[in-house]
Amino acid sequence: MFRFGVDYYPEHWPETRWPEDARLMAAAGINVVRLAEFAWSKMEPSDGVFDFAWLDRAIDLLAAHGIAVILGTPTASPPPWLMGAHPDAYRVGPDGRRWTYGNRREYCPTHAAYRAHSRRITEAMAQHYATNPAVIGWQTDNEFGDRCYCPTCVDNFQGWLRGHYEDLTELNERWGTVFWSHIYNGWEEIPPPLATGGSPNPGLALAFYRFASDSYVTFQQEQIDILRAQCPNHFITHNFMGFGYDRINYFDLARNLDFVSWDNYQRMQWTMSTGVIDPAAGALAADTMRGLKQKNFWIMEQQAGSGGWEMVSVAPRPGEIRLWAYQSIAHGADAIVFFRWRTMRYGTEQYWHGILDHHGIPGRRYDEVRRMGDEITRAGNDIFGSTVRAKVAIVLSYDARFAFQIQPNNPQFDYPRHIGQIYRALHAQNIPVDIVAPTDDLSGYALVIAPSVYVLPDDVAANLVEYVRDGGLLVVTQRSGVKDDDNTVVNMKLPGLLAEVCGIEVAEYDSLAPDMSNAVEFVLPGMTRETMAAVGTWCDVLELAGAEAVALYTQDYYAGTPAITRNHFGAGQAIYIGTVGGDPFYATLTQWLLELAALEPLMETPAPVEVTERWQGDRRLLFVLNHSDSEQSVNPGGAFVDLLTNETIDDTVTLAPRGVLVLAAA
Ligand code: GLA
Ligand code: ZN
């Protein structure tokens, strides 16, 4: 069933208010709440003393209104008694400084006593709620994150390295520790890449980032194991942070969960330099989250009001809360849970606005959610479980992402932004995209884009090459194949293991200053010679080794040499893009690529209108989203019924400002 819910904190409010909350929730169509993920102090007020009575009462009341419950393990925010007893359980930042009490997520994920406390509270909750009929699932912790550099983690890092390298001789060789005399004689000599150590050995730093990511994966696994054993009928998920979060390999974190949930905020207090929302950013986040398991997801926190800690973000404009929630659904959400029910009068997030304001009286935002609740009651079953079927994939490599954090190569280059630019060009043309892991099966895609696969382990290279050999159309961009699995530069001409499939060699490369640029022109036989928008940041100077030139640089000492190439390999083709452009560059390029791949947009629409599709068996659903504050007209080209209103549409239809249609063939 399609779940429509809120994050609720009954512990923030007097118990006398709870019945009114439950009543208002039910009236808005809410059928699920997430509870307790920050209630450790209330559930274990002192060491080993548990109190679930208050939570039982809240759950009973909600259940009486037909509302199901997801429980969060509360480990993101430990009580003062716990941290007071274990001062070395505070996380240490890259500057070597230890956190102190006062916020949340201040814990070290490898600290033995912290882990023991985490297992105990998880076990106690699981035992207590395993048979409660209102409870349907669990959220582990809350938004895992942030690398810890504490002495415990350093010990564990050294242990992790022993498991990943035969011996120190091998490690020294693979990291090239001979450079600057870093040859390690003992595992205990190997440091974390603290800022106080300056620029680290790239091999060491990548290993540490992988270890830090694994430390959360294994921490979470302990909770998963307990929950699976105690609550075999409940699902287990975690609330991820979308595309933007960059310190955990999210593919790994998602592996043993039943499905991914994530937290979707579009107007944050930190992004106040502009009031403009980029719809492609929300779309990319959603497609990435769907890609972690190639499976539909939940939104565990969907924005329901202004964000705010010290600052208060721009208020969601009328219709935005609903529009963003539908955008999540359009990209694969099977549940929408709004953050949060009511704005808290106390605490750091005093200004993080929920559906209700501080005073608790329903207003504009409640009305908008209730309207959507009515619609979901009507259309939820049609939508639930329907799937996105994209023919284009973009490869997301956390190895590359981590390695670029260590060495961005050029101050203007940003790996996630590079992915975002290419994604945005496809999004603007209403082309569905999957975000995939580098080793995922690519055989079903008509077009695979692998932007800057900078770290290229053998198995990833083999996967990409096989895809082309079997008939795929692969696009690789600059700085691909540069490093091996240890973040060591390959002993080959670039793009290393992809040189043969691309039919080129990088003769040299030019990292450009911000005041330098170049331009490229298309020269492919049969295409009109057309100068494209400026490029910059990075220019690979390419030599053809079987490939043909698609575009040439027009300036500088490599004017007239190829910037973009195409190679036939096996039954497929590989395109190499050796430079970085702006939006017009990727717009032109993706148009050409879509032609090559014989892919058509879902619908031609005015720029602010986004279209996606989900398939319920062979029934196709079209989601049409107007991201602007003015009316927009579209013609879906056929006879459709809008599942949200049951109105029939067989010609041009006008979308209201921030309007949404969910169309099925009439
Ligand atoms: C995150 C957290 C929530 C809350 C919101 C708003 O997504 O998971 O607990 O802090 O952000 O800040
Ligand atoms: Zn630590």
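Visitor: How many cavities of 30 Å³ or more does a search of the whole structure find?

Guide: The general idea of a cavity is a set of points, on a 1 Å grid over the protein atoms alone, where a 1.4 Å probe fits but cannot get out; a pocket is instead an open set with protein on both sides within 12 Å along at least five of seven lines, and lining residues have an atom within 4 Å of a point. Here, the search finds 3 cavities of 30 Å³ or more. Before going on, please keep in mind that this is a predicted model, where local features need pLDDT of at least 70, side-chain atom pairs count only at pLDDT 80 or more, and totals for chains, interfaces and linings use all residues. Residues are numbered from 1 along each chain as its sequence is written, chains are lettered from A and ligands numbered from 1 in the order in which they are written, and side-chain values use heavy atoms, with hydrogens and water left out.

Visitor: How much space lies in the largest cavity, and which residues lie nearest its centre?

Guide: A volume is the space filled by probe spheres set on the grid points, which are joined across faces, edges and corners. For the largest cavity this comes to about 120 Å³. Its lining has 16 residues, and those nearest the centre are His331, Ile431, Pro432, Val433 and Thr612.

Visitor: Which elements supply at least two residues each of that lining, and how do its residues divide by class?

Guide: Helices (H or I, at least four residues) and strands (E, at least two) are DSSP runs, numbered from the N terminus. In this cavity, α10 (279-291), α14 (415-427) and β21 (609-616) each supply at least two lining residues, and β21 gives the most, with 4. For classes, Ala, Val, Leu, Ile, Met, Phe, Trp, Tyr, Cys and Pro count as nonpolar, Asp, Glu, Lys and Arg as charged, and the others, Gly among them, as polar. The lining splits into 8 nonpolar, 4 polar and 4 charged residues.

Visitor: And what lines the second largest cavity?

Guide: You can pick out Ile422, Ile449, Val475, Ile577, Tyr586, Leu589, Thr590 and Leu593 around it. The space inside is about 40 Å³. Helix α17 (residues 583-596) is the biggest contributor, giving 4 residues. By class there are 7 nonpolar residues, 1 polar and no charged ones.

Visitor: Now to the open sites. What is the volume of the second largest pocket, and which residues are closest to its centre?

Guide: The second largest pocket has a volume of about 590 Å³. It is lined by 30 residues, with Arg210, Asn249, Asp252, Asp399 and Asp485 closest to the centre. Several helices take part: α6 (151-164), α7, α8, α9 (250-254), α13 (398-406) and α15 (458-469) each supply at least two residues. The largest share, 6 residues, comes from α8. The lining of this pocket holds 14 nonpolar, 6 polar and 10 charged residues.

Visitor: How many salt bridges does a search of the whole structure find?

Guide: A salt bridge is a side-chain nitrogen of Lys or Arg within 4 Å of a carboxyl oxygen of Asp or Glu. The search finds 37 here. One of them joins Arg17 to Asp21, with the closest N and O atoms 2.8 Å apart.

Visitor: Are Arg17 and Asp21 buried or exposed?

Guide: Buried means under 20% relative accessible area, exposed over 50%, and partly exposed in between (1.4 Å probe, protein chains only). Arg17 and Asp21 are both buried. Compare Glu20 and Arg23, whose side chains meet in a salt bridge at 3.0 Å, N to O. These two are separated by about one helical turn, because they sit 3 residues apart in helix α1 (residues 18-27). Glu20 is partly exposed at 31% relative accessibility, and Arg23 is partly exposed at 44%.

Visitor: Which salt bridge links distant parts of the chain?

Guide: Look at Asp382 and Arg619, whose closest N and O atoms are 3.1 Å apart. Asp382 belongs to helix α12 (residues 364-383) and Arg619 to strand β22 (residues 619-626), 237 residues apart. Asp382 is partly exposed at 27%, as is Arg619 at 31%.

Visitor: Which residues are linked in a network of salt bridges?

Guide: That network links Arg91, Arg105, Asp146, Asp246 and Arg247.
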